[in-house]
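Visitor: Please put the model up, and then we can go through its salt bridges and its nonpolar cores.

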Amino acid sequence: MGCYWWLIVALGACASGSPQWDVPRRPQPGAARLHWESQCQYQLRHLQDGARIAVVLPPRLEGHWISIGCEVRPGPEFLTRSYMFYSSRMFKAYQFYYRDPACRDPSHSLVIKGKLRLRQASWITQGATEADYHLHKVGIVFHSQSAMREVAARINETSSSGCSRSLPPGKTWAPGTVYELLSAKAERDCTAALGFTMHELSLIRVEKRYQLNQPQGSRVVEELYLGDVHTEWSERLRYRPTGYQRPLQSALHHVHPCPACGIIYRSDEHHPPHLPRQATLPMRLSGRWASAQCEVRPAVLFLTRLFTFHGSNRTWEGYYYHFSDPACRQPTFTVYASGHYTKGVPSSKVKGGTELVFRVTQARVTPMDQVTVAMLNFSEPGSCGDGGSWAAGIEQDITLTNGCVPLGIKLPHVEYELFKIEQDSKDRSLLFIGERPTDGSSPDRPEKRPTSYQAPLIQCAGIAGVFSHHNYQSHWLEKYTNAGSPSLEACPATFLLLVIVLPFLRGV
């Protein structure tokens, strides 16, 4: 929906940096009168199945952290991860790479050793801790001769002559042999050809989630969020994360049941995990899908999403709820969008994915705090709705102004998308939508179509009926009006940033 990262930086300036519990609220009286909203809104309010979520500050990393399934990185790359952190600040990390999206056909494994030092709280990504890391060694083990030939060719093409000698010549393949790609002692680094970087360790967040209605031994889930990987391969080595990847979970305190967890936990570079086979699910979008957690995107963007897909006529509607804090408790503005989408076709580039084209034809915006109201009212006339008449909690249609320039929304708009549907261990349907470009742009051309995914949405209602926009929006406004919202007087830092930003808008 465009690039408005600078707005989020301003809005996030007054959010509290202290750790806090995200305690679920009980449903309000009268919630039963909300039709389909009851289940979907309950999911958004009680993120992660009604759990309490606490941020661990400073983050405690000691222990073993694992993927809970097959992960997809831009490229695409299919992998699983197994990271161990020690009290001495040393770490050992395994990355297992695969040829298939089910992580059943291993290509090669990396074993990474180094040292990590936590620093201060991030001033860019609220709720995260910055860290420095130093790599001591990186080794690679190949699980097939073809994988070795492929990697060797990439190293020979892009690296120095010293790196070309790090792997044996010809078609020689020694199963189980660890070939050294990086050695701090020898001052040799041959990992660039793989697009390898551990910059993910420079941004860290640890959460504890207390699940309700679970057996005593499985109520606590600990998650480790590490920095995101740039969506452009050419930028990966230089990029410093401002968002997160899908979290790793503690090997001791993970979701239950988790068929993949034990397999990944017991694996090493010589014995890569072969994950259990999963059924391929058809692309049946009809219904409603909501965020399972407060989502963090690069450039300091916190949001939750709610989508409705009408399969009968291929129309869609979506809400994007934006916040200034990583717990999604301080709303800034809401975007409602709608349009049409094409019939999906299997992706030739990302196995297991489906390619669709989405067209956004209508949009509405609701500012939720006085900072956003002031910014929109100060915008150029005709650039975003009825300029000068914005008020907190009041929705405006921005279709007639072809979007909203201050928020980076342009209408009509086309996006080339990547979708995937899976089922989790609790038999819930998960919808993965393509990851947004790290640079804040949108996939408005076929060559910008995503090759990886955002955090999944959970299906919260079946086949869509009438979209009860009025009831849902009323409930949303009632919830946050009662909770209160930041004001200019209460946030002098944000007001100062606003004074700096608003003159810029005059020239947009």
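Visitor: Which residue forms a salt bridge with E150?
Guide: This is a predicted model, in which local features need pLDDT of at least 70, side-chain atom pairs count only at pLDDT 80 or more, and totals for chains, interfaces and linings use all residues. Residues are numbered from 1 along each chain as its sequence is written, and side-chain values use heavy atoms, with hydrogens and water left out. A salt bridge here is a side-chain nitrogen of Lys or Arg within 4 Å of a carboxyl oxygen of Asp or Glu. For E150 the closest N and O atoms are 3.9 Å apart, and the partner is R154.

Visitor: In which helix do E150 and R154 lie?
Guide: Helices (H or I, at least four residues) and strands (E, at least two) are DSSP runs, numbered from the N terminus. The two residues are four apart, about one turn of the helix, and that helix, residues 145–158, is α4.

Visitor: What is the relative accessible area of E150?
Guide: Buried means under 20% relative accessible area, exposed over 50%, and partly exposed in between (1.4 Å probe, protein chains only). R154 counts as partly exposed at 25%. E150 is also partly exposed, and its relative accessible area is 42%.

Visitor: Are E295 and R305 buried or exposed?
Guide: Their side chains meet in a salt bridge at 2.9 Å, N to O. E295 lies in strand β15 (residues 295–297) and R305 in strand β16 (residues 301–310), so the pair ties together parts ten residues apart in sequence. Both E295 and R305 are buried.

Visitor: How many residues apart in sequence are the parts that R364 and E395 tie together?
Guide: The side chains of R364 and E395 meet in a salt bridge of 3.0 Å, N to O. R364 lies in strand β20 (residues 354–367) and E395 in the loop between α7 (370–377) and β21 (396–397), so the parts tied together are 31 residues apart.

Visitor: Which residues have the most contacts inside the largest nonpolar core?
Guide: A nonpolar core is a set of buried Ala, Val, Leu, Ile, Met, Phe, Trp, Tyr and Cys residues joined through side-chain atoms within 4.5 Å. The largest has 38 residues. Those with the most contacts inside it are F85, I112 and L224.
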